Amino acid sequence: MKQNKMIKIFIMGKAYQVPAGLTIMDAMEYAGYRFIRGAGCRSGFCGACATIYRKAGEYRFEFALACQEMVEEGIHLAQLPFTPAPRAGYILDDLDASENVLLQYYPEIACCVSCNTCTKACPQDIEVMDYIQAALRGDIKQVTELSFDCIQCGLCSMRCPADIKHYHVAQLARRLYAKSASPTPQHLKDRIKEIEAGKFSDELEELTTMNLDELKERYAARQIEPTT
Amino acid sequence: MTQAKLQAELAGGYPAYMRESIEKVKATRTQLLKSGPPAAMNAEARDKILDKFHPDYKPDKKRALAIGPSAGAMMPHEVADVLEAHPLIDPASIDLSKVDIEVDVLIIGGGGAASVAALFAREQGIETDKILIATKLRHGDCNSIMAQGGIQAADRPTDSPAIHYLDVLGGGHYTNKPALVRALVNDGPMIINWHENLGVTYDKVNGDYLEAHGGGTSRMRMHSAKDYTGMELMRVLRDEVRNLEIPVLEFAPAVELLLDKDGHAAGAVLFNLETNEYMVVRANATILATGGFGRLHIQGFPTTNHYGATADGLVLAYRAGARLIDMDSVQYHPTGVAYPAAILGQLATEKLRNQGAMPVNAHGEAFVYPLEPRDVEAAAIIRECYERNNGITTPSEIRGVWLDTPMIEEIHGKGTIKERLAAMWMMWNRHGIDITVDPALVFPTLHYQNGGVEIGAEAQTDVPGLFAGGEAGGGIHGKNRLMGNSLLDYNVFGRRAGISAARWAKKHTVKALSLKHVTNYEKMLKKAGLKTDRKTPLILPDYRNQAVLAHSLDIM
């Protein structure tokens, strides 16, 4: 494999030479870091590797997941592997979705100054401020839709001048919406009753004790349901 | 070269020579959509292609395990290596007379199975502060959170647990343990209902689930939450564990299990990764929910797995006397990212195919039914690249085939990818590739440990008082797991492990703690004449570059 050109990056202010074309995470490991914190799924789904960086010659901070963002010449970076943001405990079954539960549990959402810094900090490109505004209105459906891709890395809350715990607010909203406004389909309930009544027990018993040749025949004879 | 200059030489994220192949893919797309994909293989064709092309079927890549209760079992060298290894800790250095934490149920691991087990142990009446989740990284750093495509459950009127059973068994080449498959398919609908009650958001249209096929399914029973199914489940389960204030100890992996003088599981020795202290945890019942082995990079494959997937649980359970099952079987997900190199081996969900994307070769030809069971699909992609030479070679010299993602928008309408496959769109878009207009390059990637610590239907292992759930447990999937059955597995067997452990803990009190099984394991190594400096559990992989390691000193 051809070796990419080496570039200089700054990890917490200290310079290292690494090959171009690496993610921040791979570049840090190349430089000699062995992660304990700051690395998780390594695929952009877990939020363990929140990273703040500044490109050469830029004055602005930028935000990314170390496992997804590429390094470039002159980048200055540091990881933020933990966000000390408290969450409210609750019993889902006791909540009344018709009230503004979000405002009760997280009154600080009323302090939102609409600066949009949370949105700018989000590595998932979520309209964070918009869902906080929806939360303020008690619109849990909109919070669910807007926040759905949240990986709970905590960068929004780290940046918020009003100390809002955005990702905790969104988690509560999604669970409340799913529970209260998105009913369980009837056929699922019917199926559970059938299982409990033992409707499939004989057939399953037959299958679990069936000889191999007969099983193979049954498998080969399956009708594949057409895709709709 | 700067990022900007690199990007400038690419068009839509791809270099010119790859774009030439993409033009061929675009040229055949309409016709392929009209004619449909190639037909599915019959049993003989499946066997033939697996035997010739699937990495599991290469005899020189595995060996018989030399020692322990599963001695003689075949498994990849990388797995045998971690089992035929010295304990990381010297039992003599651990003071077992001082117990740091006492609980009824200790759960080792912090992913899906661990969370489900904790919730059900509590439901069985174990007091919250008598449960402990101890995990190597953070609560939720696991493979469960990365699962994208969905979870199977036979809930539609045209489906049944018996049909699900047949799909699972055929997909696993009839090697699965029947009682485990029965439990899996039987509990499926109940698990989905439990999720509904916890406030999990599943994809619905007009109040009904949006259910799809997976590779090897005969009914559409894949429930999803966009392509964030695993994340949605994990964040809700974690939130509920937090609501109930079940204690979680993070960055504290187990380094050995403890047994008592009767040979019952009795807790574990934990190691605080940040302070280097060990902790003795005494528990009346212990649950192994430690996930799989992706980070062993079997046969040099990249992996979809999370950072901590180093088979620690297998090692610990094996030293304690538990048998392993199906360890010769590794799941290579057919479609890992082959380009760009920065995200090599990351997951391109099977949902891309269940929504209509076909694998096509460099010439734009379809060469396989898109929803074969995973082992067959992976073998077909390997054949296309290495026997038929119809792959595309990347600048990093990785071969792959196209997954023609724009077909999804052709079939279901514009906007479908961003709506149903938001994570996939974002992953490639970060590297300048728009999968709504261009195909994605893929090749099989190491994805899942099909086997594990052998369990029974109540999640019990060979060691009394030790239970296992999720990827750590084995026997459910036989020699090949189907899409959507791992999320179901961790829920079904995580639940059963939690319930079984709670019941066991109510009846049994642990006696004097012992690490004698570890000392005995050392003796077995010596007796078998195995000379090695390997020490396990590995805890974490090491990706530092060789130049750094060559000058590394362990003096702090």
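Residues are numbered from 1 along each chain as its sequence is written, and chains are lettered from A and ligands numbered from 1 in the order in which they are written. In this predicted model, local features need pLDDT of at least 70 and side-chain atom pairs count only at pLDDT 80 or more, while totals for chains, interfaces and linings use all residues.

User: How far apart do the C-alpha centres of domain 1 and domain 2 of chain B lie?

Analyst: Domain bounds come from an automatic or database domain assignment. In chain B, domain 1 covers 3-56 + 334-446 and domain 2 covers 86-329 + 450-514. The C-alpha centres of these domains of chain B are separated by 31 Å.

User: Which element supplies the largest share of the side of chain B that touches chain A?

Analyst: Residues are in contact if their C-beta atoms, placed from the backbone, lie within 7 Å. The contact involves 65 residues of chain A and 71 residues of chain B. Helices (H or I, at least four residues) and strands (E, at least two) are DSSP runs, numbered from the N terminus. With nine residues, the largest share of the chain B side comes from H7(B).

User: How many charged residues has the side of domain 1 of chain A that touches domain 2 of chain A?

Analyst: Chain A is assigned domain 1 (6-79) and domain 2 (92-181), and each gives seven residues to the contact. Ala, Val, Leu, Ile, Met, Phe, Trp, Tyr, Cys and Pro count as nonpolar, Asp, Glu, Lys and Arg as charged, and the others, Gly among them, as polar. On the domain 1 side of chain A, six residues are nonpolar, one is polar and the number of charged residues is: no charged residues.

Technical notes:
Contact = placed C-beta atoms within 7 Å.
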